[in-house]
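Let's take a friendly walk through this chain. Have the sequence and the structure at hand as you read.

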Amino acid sequence: FMQSTLASFEGAIVDSTPLTEFEQITAGPLLLKVNMPLTDGNVAAVTVAREKAADYWLTWALQDGNAHRPGAPINAQYVYDTKYRQNCFAALLPVYNTAFGADGASLTAAESGPLDEGYVGGGS
């Protein structure tokens, strides 16, 4: 998957700069960090790659052995997801600010998801 994805990009150069602290925390095993021209073909190739990566994850997540564990705290996934989204925001913000200027923060928020709900019913 990784080799064919890289081969599908036009003019891509693997980015060998060290990962930031937040990139290290949030990067998964399918991380592919490249620089490439903005072309219709590359946009289409990235779309295909993201769909395939999501399909891999969803296939894994829906297997019986990976379901929420009976007896586990009901909010355990929420707590994990909230911290993960915070780290994703921190990893993406400098990248998107550089790429998109004034729109960087709003695009980062859209990509990383909501950071938290205002009220989650903790007192009820």
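This is a predicted model: local features need pLDDT of at least 70, side-chain atom pairs count only at pLDDT 80 or more; totals for chains, interfaces and linings use all residues.

We begin with helix α5, which spans residues 104–112 and has Gly 104, Thr 108 and Ser 112 among its residues as buried positions. Looking down the axis of α5, you will find its buried residues within an arc of 50 degrees, so they line one face of the helix. An α-helix has 3.6 residues a turn, so residues three or four places apart point the same way. The cover over the buried residues of α5 includes α4 (76–100). After α5 comes Gly 113, with a positive phi near 90 degrees.

How many salt bridges are there? The count is two, and both are listed here.

| Salt bridge | Closest N and O atoms |
|---|---|
| Lys 33 with Glu 23 | 3.3 Å |
| Arg 50 with Glu 111 | 2.6 Å |

Lys 33 sits in the loop between α2 (21–26) and β2 (34–35), while Glu 23 is in helix α2, 10 residues apart. Lys 33 is partly exposed at 21% relative accessible area, whereas Glu 23 counts as buried at 14%.

Glu 111 is partly exposed, with a relative accessible area of 38%.

Finally, the surface: Trp 57, Leu 58, Trp 60 and Leu 62 make a nonpolar patch of about 500 Å². Trp 60 belongs to helix α3 (residues 40–61) and is partly exposed, at 44% relative accessibility.

Notes. Residues are numbered from 1 along each chain as its sequence is written. Side-chain values use heavy atoms; hydrogens and water are left out. Buried means under 20% relative accessible area, exposed over 50%, partly exposed in between (1.4 Å probe, protein chains only). Helices (H or I, at least four residues) and strands (E, at least two) are DSSP runs, numbered from the N terminus. The arc is that of the directions from the helix axis to the C-beta atoms. Contact means heavy atoms within 4.5 Å. Patches are made of residues with over 30% relative accessible area and no salt bridge: like charges are joined within 9 Å, nonpolar side chains (Val, Leu, Ile, Met, Phe, Trp, Tyr) within 5 Å. Accessible areas come from the Shrake-Rupley method with a 1.4 Å probe; for residues, only the protein chains shown count as cover. A salt bridge is a side-chain nitrogen of Lys or Arg within 4 Å of a carboxyl oxygen of Asp or Glu.
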